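Subject: Structure handover

Dear colleague,

Here is the structure you asked to have passed on. My notes on what was found in it follow below.

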Amino acid sequence: MTFVSWESVLALIVGALYGALFGAVPGLTATLAVALFIPVAFFLDATIALPAIIAISSVAIYAGDVGSAIARIPGTPASAAYADELHNLSRSRGVLYGLGISALGSSVGGILGTLVLAGGALALATLAAMFSSFEYFWIAVLGLSAGIFASGRHLLKGFASLLIGLLLSTVGVDPTLGYPRFHFGNPAFLGGLDYIAVMIGLFGFSEVLYHMGAGTKSAPAAHASIHRKALSNFYAGPLKLIRKTRKLVIRSSLFGIFVGFLPGAGADIGSWVACSLEKLTAKRKKNEERVVLAGVSSNNAAVASAWIPALSLGLPGDTVTAMVLGVFMMKGVTPGPLLFQEQMPLIWILFGTFLIANLLLLPTVGLLTARIAGTALRLPFNLLLPIIAAACVTGAYAINHNPLDVGIMILMGAVALMLRRGGFPLAQVVLGMVLGPILEQHFMVSAIKSNWNPLSFFERPIALVLMGACVATVILGIIAHKRRLTGRDKGS
Amino acid sequence: MPYNSVYLRIPGIVFLILAAAIWLGTRSFPSLPEGYPGPELFPNVLAFLLALAGIGLFWRPSAEVDTTTQRLRGTGITRILGGLSGALLFLLINPWTSIGAAAGVTCLVCGVAMRARIRAVLITSAATGIVIHLLFSGLLAL
């Protein structure tokens, strides 16, 4: 079994480009990219198929930020946590700089995630196995509280947006009895609302509607030096920032790793907590670069750590690793603790691929996508607007080939227009939609298995630690909120 | 009522109506054995919190709205309705054409491009439709 073969190198390069395309187009996701690759993987050797999947998912998660940079359309719920900051940064400092922070921050997060994967997969998998529904419930609460306090000065508006998201998550079959809720007699609603369609409507289509309504003829001026000093903007500036804020990057990556290796929790909570913590503890008002860096490093660290339970316990950390387990089975490889004894060459290939994907592919494919994004931003705004409208409609339709998703996207675009005017944050709606099912399912499971004893939520040590983290987030949030209000009073 | 507070008081009222509707809608949901709450618990908790948020928004509307967005007047609202209609047109055209989504998108882009006063409306919309058709149906085979 050799790692450096021309087939594997080709698989990595093609996988990275394919992942970049899927990540950058609204509506197409890393999960869909991997799902469409699975039939191809059937004909490939495991040493080629698995590295290709790693390249696809790592690059697609980064490329999800391209939509945020150009049109404020985040590619994943995790990137919604810093979509506004990345968009503003791309407008003010140039898209190469914004996406440079995203690519290199993702790269560092991914490398740290890989090192943890290589060094402590078995130990962390054992820790993950100790997590029960009580711990998952507190993790969801932690994500939600971080989301509220990340909403800026108006906590009530952030809370209201979160409630809208939680409410949208109740559409479909309930997790306790399988009872259909709020489906209005339409079977298409039984599976719930697709959060990607909601996200496209909230962020993308609302932007189109707003500019149509306001009669905008030109966008806020993008930074002039989009193509000039490309290497300096994409590499040197972000690297300098990462070196200066290394503690933040390490802390955020650790958040991503911690949440990423928990099966089912996903990268979203890590990214939200990392961004929220940065917003709460920021000493300066203009901390967009740091917020983006916190989010992206956490986001990509979770991509690697999601493989920890998959490799060591055979439990999928997210949807991508669920499909990876399918590839393992297809190739006759059984994931679990024995994998580290019996298939060490394959394990080293996976670790090596993660490092290559993060060290080489993200920075190079990242620059390519950033240049294309830069060109898109230079298009006249009145030309960009219909293209964004087309991307929104097609993206929503491409998710399930269901016109209903387009209808939901349109409705959410109109709702978002009202919310934006009232100053309600939109990203919290997505967070509520993603965390709602996790919160409800684990609350109900915990309550039923403890015979509705409320004290059972505070009895387990890890649950207590997580509850402590929630309380700390709330206290820190209130202090930061008061500080902001005092600052505003002094300012006025 | 000041213009800005309308954008907070109206959501406040909507939240209160939503809370009442959820509470009414969940009354027919089944409960768990021994009377413990089931599928209605989470929506009811949300309804309670929505009502609280609604009261908060209605009685204490913050003075700050998004000042970066412009006030929309009559023509602006008409244009927004135009944009919404264009997107809804996609839903109507989509099932009736052999090339599906691409035709609907072409019509939508045509409408938005006309609104954005692009000179080459037909070229822009046709090019977008062709690119989308090639990308999704051809290259990605979706």
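A residue is called buried here if its relative accessible area is under 20%, exposed if over 50%, and partly exposed in between, using a 1.4 Å probe and protein chains only. By that definition, 40% of the 142 residues of chain B count as buried.

Before the rest, two notes on conventions. This is a predicted model, in which local features need pLDDT of at least 70 and side-chain atom pairs count only at pLDDT 80 or more, while totals for chains, interfaces and linings use all residues. Residues are numbered from 1 along each chain as its sequence is written, chains are lettered from A and ligands numbered from 1 in the order in which they are written, and side-chain values use heavy atoms, with hydrogens and water left out.

Chain B

Chain B has five helices and zero strands, and its pattern along the sequence is α-α-α-α-α. Helices (H or I, at least four residues) and strands (E, at least two) are DSSP runs, numbered from the N terminus. Taking contact to mean heavy atoms within 4.5 Å, 47% of the contacts in chain B between residues at least 6 apart in sequence join residues at least 24 apart.

Ser85(B) sits in helix α3 (residues 74-93) of chain B. With a relative accessible area of 43%, Ser85(B) is partly exposed.

Helices of chain A

Helix α2 (residues 30-41) of chain A has 12 residues and spans 15 Å from its first C-alpha to its last, close to the expected 16 Å. The expected span is 1.5 Å times one less than the number of residues. Buried in α2(A) are Ala30(A), Leu32(A), Ala33(A), Val34(A), Phe37(A), Ile38(A) and Ala41(A). These buried residues pack against α1 (6-24), α3 (46-71) and α15 of chain A.

Where is the kink in α6(A) centred? It is centred on Gly120(A) and amounts to about 85°. The bend at a residue is the angle between axes fitted to the seven residues ending there and the seven starting there.

Helices α7 (residues 133-149) and α8 (residues 155-169) of chain A pack at about 135°, with their axes 8 Å apart. The contact is made by Leu144(A), Ile148(A) and Phe149(A) of α7(A) with Leu155(A), Phe159(A), Leu162(A) and Leu166(A) of α8(A). By class, that contact has seven nonpolar, no polar and no charged residues.

Thr321(A) is in helix α15 (residues 319-330) of chain A and is buried, with a relative accessible area of 1%. Leaving aside residues up to four places away in sequence, Thr321(A) touches Ala306(A), Trp307(A), Ala310(A) and Pro316(A). Thr321(A) and Ser252(A) are 69 residues apart in sequence and 22 Å apart in space, C-alpha to C-alpha.

Two residues have a positive phi although neither is a glycine: Phe182(A) at about 45° and Asn451(A) at about 55°. Phe182(A) lies in the loop between β2 (180-181) and α9 (195-214) of chain A. Asn451(A) is in the loop between α20 (427-449) and α21 (461-491) of chain A, and is exposed, with a relative accessible area of 54%.

Regards

Key:
Axes are lines fitted to C-alpha atoms, for helices over the stretch in contact, and angles run from 0 to 180 degrees between N-to-C directions. Ala, Val, Leu, Ile, Met, Phe, Trp, Tyr, Cys and Pro count as nonpolar, Asp, Glu, Lys and Arg as charged, and the others, Gly among them, as polar.
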